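Here are my notes on the model, point by point. Please read them with the coordinates open.

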Amino acid sequence: MSFSTQTKNELARVFPESKGTKLAELAALIRMSGTIQLAGFKKLNFKISTENAAIARKHFKLLKGLFGINTEVTVQKSNNLKKNNMYVMLITYEMGANDILEQLEILRREDGSFFIENSVPQKLLKDDEARRAYIRGAFLGAGSISDPEKTYHIEFVVSSNEFGEQFKELINSYGLNSKIAMRKNSYVVYIKESEQISDILNIMGAHKALLSLENTKIVKQMRNDINRIVNCETANLSKTIDASIRQIENIRFIKDTVGLSALPPNLREIANLRLENENLSLKELGQMLSVPLGKSGVNHRLRKIEQVAERIRGGESIDRD
């Protein structure tokens, strides 16, 4: 089961308490997942379709609780490649479709005619709970969220730029930074920042999904930190190995040309130790000296040996002192 489906299943089980909040959530659900059909002169039906059984149950309960409608739920095969079940509810004119759409501010009556509203129903969003419920309903109707293991992205697909802009402002009224973009024949209101996705999950009431997201973020951060440490240690190890190889090459070059006896006693001692212990660290080499030295002291002597090797390669004489 995808993370998006898990989130929707959780939200489908969050039921508003007040009538106003229920109306706000149902308005968003129908706005996002419903289609209006002409059933005659000034007569409308509307159909709700969803692939999620839990969301279908929520539609059913809200319609029954608010309007006393016992609509029939039919199951069809989806047209998409996955051939999932599609749960469909039809609310007819005789069942009060016109009045329901008008109460939900999806339909507007003017001079005896009906017009489809293309805006967020401000009159229904009277308080914070109603606004949160509307965002929750919009996600259940036409939202999705990516698996946080892969990427951070949550989106709401809307039918028009005008509605999308208003819905974006509703989300951003909570201090978020959602954006809108066109995709094919629809518009998408989306958020990509992980912290803001956590915020909107909290706003909608998806607390389990929020905890799952935060746990994933922690694991990903730990994984990134470990990789960074390993990469750093690997780079340091590579530098150490390269330096060791260069040191040994310089010592062997001096040994094969003028002999190690040409080196001053302090350099000759460290040169012999390096040849005999190729894999030891500078710190370990320093502890083996007749007069122990720290890492910087050993490194200083090895640099002196490198300078001697370079002078020999350049044809210069070396100072035995």
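**Notes on the fold**

1. Start with Thr216. Setting aside neighbours within four places in sequence, Thr216 contacts Pro148 and Glu149. Contact here means heavy atoms within 4.5 Å. Thr216 belongs to helix α8 (residues 207–257). Its relative accessibility is 11%, so Thr216 counts as buried. The cut-offs are under 20% relative accessible area for buried, over 50% for exposed, and partly exposed in between, with a 1.4 Å probe and protein chains only.

2. On conventions: this is a predicted model, in which local features need pLDDT of at least 70 and side-chain atom pairs count only at pLDDT 80 or more, while totals for chains, interfaces and linings use all residues. Residues are numbered from 1 along each chain as its sequence is written, and side-chain values use heavy atoms, with hydrogens and water left out. Helices (H or I, at least four residues) and strands (E, at least two) are DSSP runs, numbered from the N terminus.

3. Four strands make an open sheet, ordered β1-β2-β4-β3, with antiparallel pairing. Two strands pair if DSSP finds at least two bridges between them. The edges are β1 (34–40) and β3 (73–77); each has a single partner strand, so one side of each lacks a neighbour in the sheet. Neighbouring strands are turned by 30° against each other on average, direction ignored.

4. Within that sheet, β2 (residues 43–50) and β4 (residues 85–91) are antiparallel and share five bridges. Lys47 stands opposite Leu90 in β4. Helix α3 packs on the sheet and touches β2, β3 and β4. The direction of α3 makes about 15° with that of β4.

5. Helix α3 (residues 53–67) also packs against α2, at an angle of about 130° and with the axes 10 Å apart. Axes are lines fitted to C-alpha atoms, for helices over the stretch in contact, and angles run from 0 to 180 degrees between N-to-C directions. The pair α2 and α3 is therefore oblique. That class is what remains after under 35 degrees (roughly parallel), over 145 (roughly antiparallel) and 65 to 115 (roughly perpendicular). From α2, the residues in contact include Leu23, Leu26 and Ile30; from α3, they include Ile55, Leu62 and Leu66.

6. The largest nonpolar core has 61 residues. Such a core is a set of buried Ala, Val, Leu, Ile, Met, Phe, Trp, Tyr and Cys residues joined through side-chain atoms within 4.5 Å. Its largest share, eight residues, comes from helix α2 (residues 19–33). Ile91, Tyr134, Ile135, Phe167, Ile171 and Leu201 have the most contacts inside the core. Apart from this core lies another, of 19 residues, among them Leu260, Leu263, Leu275 and Leu289.

7. What does Tyr134 touch, not counting residues up to four places away in sequence? Its partners include Ala24, Ala27, Ala28 and Arg31, and also Phe163, Phe167 and Leu170.

8. Strand β10 (residues 186–191) is joined to β8 (residues 154–158) by five bridges, running antiparallel. Ile154 has Ile191 as its bridge partner. Five bridges also join β9 (residues 179–183) to β10, again antiparallel. Arg183 stands opposite Ser186. β9 and β10 form a hairpin with two residues between them, and Lys184 in the turn has a positive phi of about 55°.

9. Lys168 lies in helix α6 (residues 161–172). Lys168 is buried, at 15% relative accessible area. Beyond four places in sequence, Lys168 touches Ser178, Lys179, Ile180 and Val189.
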